[in-house]
Amino acid sequence: MSVAVVSVTLTSKGDQVITARGLARTFEGRGRGKQKEEVKAVAGVDIDVAEGEIVGFLGPNGAGKTTTLRMLTTLLKPTAGSATVAGYDVATQSQQVRRSIGYVSQSGSTSPEARAGEEIMDHGMLYGISQKQAESRGRELFEQLDLEGLWERQPRAMSGGQRRRLDIAMGLVHDPTLVFLDEPTTGLDPQARANLWTHIADLRTKRGATIFLTTHYLDEADALCDRILVIDHGSIVASDTPDALKKQVAGDLVSLVVADPARAAEAAELLGRIADTEVVIAESHDGFTGVSTRVRGAGHEVAGLIRGLDAAGIALESIEVRRPTLDDVFLDLTGRSLREDA
Amino acid sequence: MFWRETYIVFRRQLRMALRNPAWVIIGLVQPILYLCLFGPLLEPLASTLGAENAYTLFVPGLLVQLGLFGALFAGFGLIAEWRAGVIEAERVTPASRTALLLGRILRDVLQLFVQGIVLIGLAFLFGLTGSILGMVFGLILTVLLGAACAAASNALALTTKSEDVMAPVINSIALPVLLLSGILLPMTIGPEWLQVVSDFMPTKYIVNAIRELFVGDFFTITTMWGVIWTIVLFAAGLYVGTRTFRKENA
């Protein structure tokens, strides 16, 4: 009985912290002639985010991620559709929305010449918090985000990772339960990115926050998110868990590199017996010949393949089995690779 | 609430400005340079220009110039802030958009006020005499004009978001205003066509009014027009400024 009750509360409507219906934004641009041209940045999206979720908004640059985020955070008025954020309407109750959410923009939040501690205190005070409270909240956040000792530091003298963590601290100073992060790790080195991922995951585990983030990095969406919304050309083309999305792709990628190019065709023929998609033969730059295809349940099939290759006396330079990545998902959904834009 | 937000923004702006000594020094040196290097040129011309004291002619012009130019360039700082994401971060708080603008204008106005006091105080050393009360009113007109210009400059900055667009716009406004307002020399010594053209320049009336105030003429038509134009420009500047700051996507 109690299990049923729990599952009901988890899926009940009351726990939705973001609900958007047909949210759209068109900009007026000018075409090559003088005539006005309507540019659809976001062409009517539906978004549902439940309390406690980490949802990733994935898409290439210019897909409409930031525009959607700016509409949800009251920075931009939708031209059509509606959205409720933290229980308030973004169009008519923007003040209440602003009070309830934290927003970490990709362009930063502090002046390079200011001092970090003063910036976070002023920011907190703009939310109506007293100076004392803003200071104690700020210092607490500095500690949580590994910024101890940087209270007096100017943002221009901080590393990229420190500045991003300062931006996150700024966005959390009023203790919001819903946090929007726009491209949180863009421009950071791999170590700083991994470090920031831990902090973002902590927002939920330690503060119980709901997180909505945009990214054009697949590994980021994969590592952080419970659910991913894939956006392309202003429309959401998929919405699911990273694993479910990856399962949509037809199987794992199996790539062989054949030592003797003359035998590539035979290898391709053997690989073709277990393949779910067309077998591709490609000359690699170092003179070897690669043979690849997608195979469902490759882990199970590959052993037989290797025995077959061995029996035929075809020597391999290497064999690789790769699980589908979100890049494959994106390619599958849109016909384009995300990496071209990344 | 509104005033608290305005104060928070103002305090932040002032703190950052004061921390940059170059900014403070340049702001104070400018009026001193004008007094020292340009004042002596005007002194022998004063009687020709119909003034008993060269500095009642010269200081009001300098005041308006400070008000116009210092404030018109205020928007450049805003572009840098916008680029750093500060404006967007402030706009996502529940703070009033007008407070975000007003706090910034108050910093520019304070700077102008201090510069004006330094200018008038130094001018006394050079030989300025006149009505103290008139000088106070003159300074108030200057500050109101400066607030209008700072608001307009911030609005322009937030609209263009580019120094490269803003610099030519401001220069193309500032030069004719400087030349046609009689800031350095009164327009009355010019040919008639030039006087007619300058009649269309609101700031000319303000300069003239401040000159009258400096010699103690409070209730003249000239003073009245100057006060009216100052109020009109002040209201227009604040209107454009707040409108831009309230506009979404700005």
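**A helix pair in chain B**

I began with helix α3 (residues 54–72) of chain B and helix α8 (residues 163–180) of chain B, which pack at an angle of about 175° with their axes 11 Å apart. I took axes as lines fitted to C-alpha atoms, for helices over the stretch in contact, with angles running from 0 to 180 degrees between N-to-C directions. The pair α3(B) and α8(B) is therefore roughly antiparallel (angles over 145 degrees count as such). I looked up who meets whom: B:Gln65, B:Leu68, B:Phe69 and B:Leu72 in α3(B) meet B:Ile170, B:Ala174, B:Val177 and B:Leu178 in α8(B). Contact here puts C-beta atoms, placed from the backbone, within 7 Å. By class, the residues of this α3(B)–α8(B) contact are seven nonpolar, one polar and no charged (Ala, Val, Leu, Ile, Met, Phe, Trp, Tyr, Cys and Pro are nonpolar; Asp, Glu, Lys and Arg charged; the others, Gly among them, polar).

**Ground rules**

I note that this is a predicted model, where local features need pLDDT of at least 70, side-chain atom pairs count only at pLDDT 80 or more, and totals for chains, interfaces and linings use all residues. Residues are numbered from 1 along each chain as its sequence is written, and chains are lettered from A and ligands numbered from 1 in the order in which they are written.

**Chain B as a whole**

I found 11 helices and zero strands in chain B (DSSP runs numbered from the N terminus: H or I, at least four residues, for helices; E, at least two, for strands). Its C-alpha trace spans about 60 × 35 × 35 Å along the principal axes. Of the 250 residues in chain B, 46% are buried (20 or more other C-beta atoms within 10 Å of a residue's own, all placed from the backbone).

**Where the chains touch**

I see 19 residues from chain B and 24 residues from chain A in the contact. On the chain B side, α1 (2–18) and α5 each supply at least two residues. That side has eight nonpolar, three polar and eight charged residues.

**Helix α6 of chain A**

How many residues of α6(A) are buried? I get 11 of its 13, among them A:Arg163, A:Leu166 and A:Ile168. The buried residues of α6(A) pack against elements of chain A including β6 (101–104) and α7 (190–207), together with α5 (86–91) of chain B.

Note on methods. Buried ≥ 20, exposed ≤ 12 C-beta atoms within 10 Å, placed from the backbone. Contact = placed C-beta atoms within 7 Å. Parallel < 35°, antiparallel > 145°, perpendicular 65-115°, else oblique.
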